[in-house]
Amino acid sequence: MTDKPVTLAVVIGAHGVAGDVRLKLFGEGSEALKSYGSFDAAGRTLTLKSVRPGPNGAVARFAEIGDRSLAEALRGTELTVPRSALPPLGEGEYYHADLIGLPCSSTEGEGLGHIVAVENFGAGDIIEVERPAADGKRGKRFMVPMHAVTITDEQAVIDAAFAV
């Protein structure tokens with residue numbers, strides 16, 4: 001596992017005139033953000049003063065942002081923390097960020113490519129695998145339900161019946 005940055009939220013706009021920002025969350029809610037204290041925001045550190053549930057996610061105030069124009073300038077900025085700052089996981093649990101880029105093979109040993117996305121459309125997690133590129137073009141992609149995948153530290157092993 002590398003200590004790559006993990007995006008927990010993205011600024012989607014200003015909220016009010018005092019510098020609060022609206023956040024789209026990618027984690028467990030606004031309360032979870034409180035445990036981090038500060039975030040990397042495109043190369044600058046933002047110190048969290050407060051956060052509360054808000055429309056489409058959360059509303060946050062950062063010590064470094066004091067007015068609406070500074071808040072608006074952050075629109076589209078991802079708020080990240082190092083992977084090592086995330087809470088430890090239990091047996092059989094994983095962070096989506098750890099799966100992206102993981103090489104894949106079938107249960108028959110065929111190399112399938114690597115994971116490019118983890119989706120959930122309501123019935124459970126689905127991984128998207130991209131096959132190796134050919135002739136300078138992006139490789140074809142296919143999706144596999146998580147129940148057909150075994151995750152190890154080095155790779156994802158996909159049931160051969162799902163490797164299309």
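Arg75 is partly exposed at 46% relative accessibility, where partly exposed covers the range between buried (under 20% relative accessible area) and exposed (over 50%), using a 1.4 Å probe and protein chains only. Its side chain meets that of Glu72 in a salt bridge (2.9 Å, N to O), a term for a side-chain nitrogen of Lys or Arg within 4 Å of a carboxyl oxygen of Asp or Glu. Glu72 counts as partly exposed too, at 28%.

A word on the model: it is predicted, so local features need pLDDT of at least 70 and side-chain atom pairs count only at pLDDT 80 or more, while totals for chains, interfaces and linings use all residues. Residues are numbered from 1 along each chain as its sequence is written, and side-chain values use heavy atoms, with hydrogens and water left out.

**Salt bridges**

By this rule the count comes to nine salt bridges. Here are some of them:

| Pair | Distance (N to O) | Relative accessibility |
|---|---|---|
| Glu72 and Arg75 | 2.9 Å | Glu72 28%, Arg75 46% |
| Asp20 and Arg61 | 2.5 Å | Asp20 8%, Arg61 28% |
| Arg83 and Asp98 | 2.8 Å | Arg83 8%, Asp98 24% |

Arg83 sits in the loop between E6 and helix H3 (96-99) and Asp98 in helix H3, so their pair ties together parts 15 residues apart in sequence. Asp20 in strand E2 and Arg61 in strand E5 are 41 residues apart, and their pair links distant parts of the chain. Asp20 and Arg61 also belong to a salt-bridge network with Arg52. Arg52 turns up again beside Ser30, which is in contact (heavy atoms within 4.5 Å) with Leu25, Val51, Arg52, Pro53 and Ala58, leaving aside neighbours within four places in sequence. Ser30 is found in helix H1 (residues 30-33) and is buried at 9% relative accessibility.

**Cores and overall build**

The chain has three helices and 12 strands; these are DSSP runs numbered from the N terminus, helices being H or I with at least four residues and strands E with at least two. Of its 164 residues, 35% are buried.

The largest nonpolar core holds 23 residues, and Leu8, Val21, Leu23, Phe39, Phe62 and Leu79 touch the most other members. Such a core is a set of buried Ala, Val, Leu, Ile, Met, Phe, Trp, Tyr and Cys residues joined through side-chain atoms within 4.5 Å. Strands E1 (5-15), E2 (20-25), E3 (38-41), E4 (44-54), E5 (57-62) and E6 (78-82) each supply at least two residues of this core, and E1 gives the most, with five. Apart from this core lies another, of 16 residues, among them Cys104, Ala148, Ile158 and Ala163.

**The open sheet**

Six strands make an open sheet in the order E10-E9-E8-E7-E12-E11, with mixed pairing; two strands pair if DSSP finds at least two bridges between them. E10 (141-145) and E11 (149-151) stand at the edges with a single partner strand each, so one side of each has no neighbour in the sheet.

Strand E9 (residues 125-130) pairs with E10 in the antiparallel sense over five bridges, and Glu128 stands opposite Met143 in E10. Which residues of E10 are on the covered face, and which on the uncovered one? Phe142 and Val144 are on the covered face, while Arg141, Met143 and Pro145 are on the uncovered one. Strands E7 (residues 103-106) and E8 (residues 111-120) run antiparallel and are joined by three bridges; Pro103 has His114 as its bridge partner in E8.
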